[in-house]
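Please examine the sequence and the structure shown below.

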Amino acid sequence: MKKNILILVVLTLLIVASCSLAPQQPSAPAPASGGGEAAGGSLSGDAAAIAQERSLSPDDITAALKTYLPTGVHDDYVIFASGGHSGQMLVIGVPSMRLLKLIAVFTPEPWQGWGYGAGNEVLDQGNVNGREVRWADTHHPALSETEVDYDGQFVFINDKANARVAVVDLRDFETKQIVKNPVAIMDHGGTMVTPNTEYIIEGGQYAAPLGWEYAPLSDYNDSYRGHVTFWKFDRDKGRIDQDNSFSIELPPYWQDLCDSGKLVSEGWIFCNSFNAERATGGVEKGEPPFEAGASQGDTDYMHIFDLNKAVATFKAGKTMDINDFPVISLQTAIDEGILYLTPEPKSPHGVDVTPDGNFLVVSGKLDPHVTVYSFDKIMSTIKAGQWDTDDYGVPVLALDDVKEASVEVGLGPLHSQFDNQGYAYTSLFLDSAVARWTLGGDFADKHPEEPWQLVSKISVHYNIGHLLTAEGDTVSPDGKYMVAMNKWAIDRFANVGPLLPQNFQLIDIDNTGENMQLLYDMPIGIGEPHYAQMIKYDKLSPWEVYPEIGWDPQEQAVSPNVVQQGEEKVVRNGNEVEVFMTAVRSHFSPEHVEIKEGDHVTWHITNVERAYDATHGFSIPAYNINLSLEPGEHITFEFDADQPGVFSYYCTEFCSALHLEMTGYLVIEPDGSSAMLDQ
Ligand code: K7E
Ligand code: CUA
């Protein structure tokens, strides 16, 4: 009974506290009032009874209260997460951890009609050597930034498996462009952005001859190379400007993750690497396996780039062409002072620039420390011309000359994020934990502890990869929330067979000095997300409906083929047939499309609705056509009428009471049939 009373007291206190905190809610419909009478501070006996019946601890109850959103209330933050192998992107609300959307990116997606008559041109941009590649290993989404703050306009994501980068426009949350890297067949260290999104960074991974030419593994040191690619972003067009983009050839170390400098370090780019040993594997030939060969050495190399010099060198035309793409050669990068290296212990992963731009944090997967580098020291060492060189002649700054601190955080450190109180958070894969530690420099005043020290840890479940904090990659992180992106879930969820979901765990980091609190587990059952970013919801201003009737989302303008109501028709010219169709609750016009086998069909369809959420679907069986037409949207698709017969096209969104009646007949008369249709 004592426990019961405790829960009651805790609940009462919490409810009183949460009411007096007056949380900022975005303008949203008022929540439907529930049965409980919470506002006065009294608690209905039901709540205590439920808590007892469900054996909820006081921590469970606070976690529930911190994450529950009444109906109609919106989340404070939105996460854009990699969808891992699904090739898509996830949109998740925080603190509710509700999945709000899956954005189709590299992979066809039926609900959005992506790849079934719409989006095909964008998907085709991602073809590799002419082959349709319709999956992706998405790793690192990056929100567009203005002055190193998320601006809510675009989000980018890379495909590690095929070295591709996609652009998503956050006005309609649709993918607008995919670029295939002409220099490399795969990547990893994308898609971090420079402070005003001038460039999107795409770093390499497993070295190979540039342009994925053939060279035997015995030529590894001479013929295999790494790369980093800088994609110029044209914000007005909302597209990567491939003509003003370029790569830099790098030694065949395995470049891993990159981050852009900010504020004092703006204009500099940092990428960690591993396998500076240049191991080439071959365990079956008696060679050390990669995992041993690539971690023999005590250090690998952080790559430091002077982006301004690189851009000047590219603009001066001092480049070579790989698959018609400009590449600054390794020698030119050395000669022009574009590239420097510095050692990083020990099989490193991740390089993260602190919010003030002064420090770089690198984790050594096999080292219980994070190493903190001083940008200031890097600059003075470069200015002093103080370096050795590696086997390729690249300047190597001594670790002792540029290191600021090393902080013992725990086993298997991977990635670091930051808050607004001078703390850093590092994921610990082997410990299955997140370490909170103190930053020094100007951050030292923000927290009571000594700088560069471990403060506390929280267990996560299990084997965490990346982590993210609210606005964590900006110059002004919000603190509040952290999400642990855990690779293994094991026992956290109901058993669904041997392939388990990933586990995103929401953690409250707002209670300085106290322990971080685990709030919520969210299973991700579509692939292995790597990274994600969290933006304040009120920074997003997506359209509710498309701005005008006939909107072509690919052009973000009214389509020249818009079909207005009253202008629907079917036009024949030889065996070219053009269909002009509108969709509105609850009918398509026309309802009969009668054509002939062998016709080539161009079909224009406009959703002429202006009402919020009045989406219509449009599908044609057997022809693999399936569209989603949001209010105002126009889509044009084509097909060859090679299968005669009768095909009912219909609306696939339950849009109205007479939705089932929203259908029509596509009648395709067999070739050679005598009863010619009169169109
Ligand atoms: Cu650490 Cu691809 Cu960013 Cu996975 S990477 S965890
Ligand atoms: Cu339109 Cu159902």
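**A guided reading of the model**

The model is predicted, so local features need pLDDT of at least 70 and side-chain atom pairs count only at pLDDT 80 or more, while totals for chains, interfaces and linings use all residues. Residues are numbered from 1 along each chain as its sequence is written, chains are lettered from A and ligands numbered from 1 in the order in which they are written, and side-chain values use heavy atoms, with hydrogens and water left out.

How is the protein chain divided into domains? Domain 1 covers 77-539 and domain 2 covers 551-669, with bounds that come from an automatic or database domain assignment. The centres of the two domains, taken over C-alpha atoms, are separated by 42 Å. Domain 1 gives 16 residues to the contact and domain 2 gives 14 residues; contact means heavy atoms within 4.5 Å. The size of an interface is often given as the accessible area lost when the parts come together. Between domain 1 and domain 2, the buried area is about 1,100 Å², and carbon and sulfur atoms give 38% of that area. Buried area is the accessible area (1.4 Å probe) that two parts lose on being put together, summed over both. Of the area that domain 1 buries against domain 2, Tyr116, Gly117 and Glu174 supply 39%, more than any other three residues.

The sheets come next. Helices (H or I, at least four residues) and strands (E, at least two) are DSSP runs, numbered from the N terminus, and two strands pair if DSSP finds at least two bridges between them. Axes are lines fitted to C-alpha atoms, for helices over the stretch in contact, and angles run from 0 to 180 degrees between N-to-C directions. Strand β19 (residues 369-374) is joined to the antiparallel β22 by 5 bridges, and Val370 has Val407 of β22 as its bridge partner.

Another open sheet of 4 antiparallel strands has the order β23-β24-β25-β26. Because β23 (413-418) and β26 (454-459) each have a single partner strand, one side of each is left without a neighbour in the sheet. From one strand to the next, the twist averages 25 degrees.

Some loops also deserve attention. Val94 and Pro95 are joined by a cis peptide bond, with omega about 15 degrees, and Pro95 is found in the loop between β2 (89-94) and β3 (99-103). The peptide bond from Ser589 to Pro590 is also cis, with omega near 0 degrees.
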